[in-house]
Amino acid sequence: MQHVTFRLETPLDYANSEFLIREAFWNVYQPGCEEHFIVHNLRGDPQVVESLNLVCTDPEGQLIGHIFYTRSQVQSAPDTSWPVLTFGPISVHPTFQKKGIGSELIRRSMASAKGMGFPGILITGNPAYYHRFGFRPASDYGIVFQDGSSFPELMACELSPGALDNVHGRLLFCPQFSNVDPVALEAFDLHFPPKTRLKKPGQLH
Ligand SMILES: CC(C)(COP(=O)(O)OP(=O)(O)OC[C@H]1O[C@@H](n2cnc3c(N)ncnc32)[C@H](O)[C@@H]1OP(=O)(O)O)[C@@H](O)C(=O)NCCC(=O)NCCS
């Protein structure tokens, strides 16, 4: 992982970041992917935490890594909720994966998040990867998914000791993560080089 640079994402990076996200996610969790379109739709939204969004560039300045943060809510009653952070998508270009770039994007952004006053970070992902950064099952803190379900891929990490002790309830992500219009996605994809959508083993849907 030598000669790479980590820095904040700027609006000049947006198109390249979305290209990179598509390269990293294409056919991994579903035929094609939607993560690049979700990020595109969230640009400028007040739920995006721009001060935590990082990119990694190679020596030529090409984007090879990206992490994206939004605000979420843990809600225990209609009038009782706590703001928390969520990161994702996180993307490393396939050629550069397993060299520590994803870990560095997570560690650097989590270190910055510590000073921002949020009690914790709530994500979904593969526990085998995220446990190494301090994530535990969200159910350990009494936090469940927005539909009330609980599963190991829903994870939480406190940003200071005990910060999530009194935070419990349903995790509400930005609605843009779950309301992707397939027709609009297909139209958006026309801006990118053509790729074939493939059904592969291990995809989630
Ligand atoms: C996931 C991702 C960001 C990790 O970045 P990376 O730079 O490749 O990861 P690192 O080099 O920091 O870490 C590599 C380790 O993570 C593991 N790992 C990487 N992706 C993983 C995943 N999805 N599930 C479980 N483990 C994973 C590797 O097996 C390796 O394990 P090891 O250290 O025990 O050998 C990158 O692989 C990627 O962009 N994947 C496609 C998009 C994606 O799945 N994003 C995350 C969605 S939750």
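**Entry 1. Strand E9**

I began at one pair of residues: Gln73 stands opposite Leu172 in E9. I note at once that the model I am reading is a predicted one. I then looked up the pairing to which this position belongs. Strand E3, residues 63-77, is joined to strand E9, residues 169-172, by 3 bridges, and the two run antiparallel.

I next asked which way strand E7 runs relative to E9. Strand E7, residues 143-144, is joined to E9 by 2 bridges, and these two run parallel. In this pairing I found Val144 opposite Arg170 of E9.

**Entry 2. Strand E8**

I turned to strand E8, residues 154-158, and asked how many of its residues are buried. The count is 4 of 5, so the strand is largely enclosed by the rest of the structure.

I looked up two partners of E8. Strand E5, residues 120-124, pairs with E8 in the antiparallel sense over 5 bridges, and here Gly120 faces Glu158 of E8. Strand E6, residues 136-137, also pairs with E8 in the antiparallel sense, over 2 bridges. In that pairing, Arg136 has Ala156 of E8 as its bridge partner.

**Entry 3. Pro137**

I stayed with strand E6, where Pro137 is found. I asked why Pro137 counts as partly exposed. Setting aside neighbours within four places in sequence, I found Pro137 in contact with Pro152 and Met155.

**Entry 4. Helices H1 and H2**

I looked up how helix H1, residues 14-25, lies against helix H2, residues 35-42. Their axes come within 8 Å and cross at roughly 155°. That makes H1 roughly antiparallel to H2, because an angle over 145 degrees is counted in that way.

I listed the residues that meet. From H1 they are Ser17, Glu18, Ile21, Arg22 and Phe25, and from H2 they are Glu35, His36, Val39 and His40. By class, this contact divides into 3 nonpolar, 3 polar and 3 charged residues.

I then asked which residues of H2 are buried. They are Glu35, His36, Phe37, Ile38 and Val39. Their cover includes H1, E3, E4 and helix H5, residues 182-189.

**Entry 5. Backbone angles**

I collected the residues with a positive phi. Gly44 follows H2, and its phi is near 85°. Asn27, which is not a glycine, has a positive phi near 65°. Asn27 lies in the loop between H1 and H2, and it counts as partly exposed because 15 C-beta neighbours lie inside 10 Å.

Lys98 also has a positive phi, of about 65°, although it is not a glycine. I placed Lys98 in the loop between E4 and H3. Is Lys98 buried or exposed? It is exposed, with 9 other C-beta atoms within 10 Å.

I noted one cis peptide bond as well. It joins Gly88 and Pro89, with omega about 0°; Pro89 lies in strand E4.

**Entry 6. The ligand**

I looked up the shell around the ligand, which has 19 residues; Gln97, Gly102, Ser103, Gly125 and Asn126 come nearest. I asked which elements supply at least two residues each. They are helix H1, strand E4 (80-92), helix H3 (101-113) and helix H4 (127-130). The largest share, 5 residues, comes from E4. By class, the shell has 9 nonpolar, 8 polar and 2 charged residues.

**Entry 7. Glu104**

My last item was Glu104, found in helix H3. Glu104 is partly exposed, with 18 other C-beta atoms within 10 Å. The C-alpha atoms of Glu104 and Tyr130 are separated by 12 Å, and the two residues are 26 apart along the chain.

Notes. Residues numbered from 1 in each chain as written. Predicted model: local features only at pLDDT ≥ 70, side-chain atom pairs only at ≥ 80, totals over all residues. Near = placed C-beta within 6 Å. Nonpolar A, V, L, I, M, F, W, Y, C, P; charged D, E, K, R; others polar. Axes fitted to C-alpha atoms, helices over the stretch in contact; angles between N-to-C directions. Parallel < 35°, antiparallel > 145°, perpendicular 65-115°, else oblique. Contact = placed C-beta atoms within 7 Å. Pairing = 2+ DSSP bridges. Buried ≥ 20, exposed ≤ 12 C-beta atoms within 10 Å, placed from the backbone.
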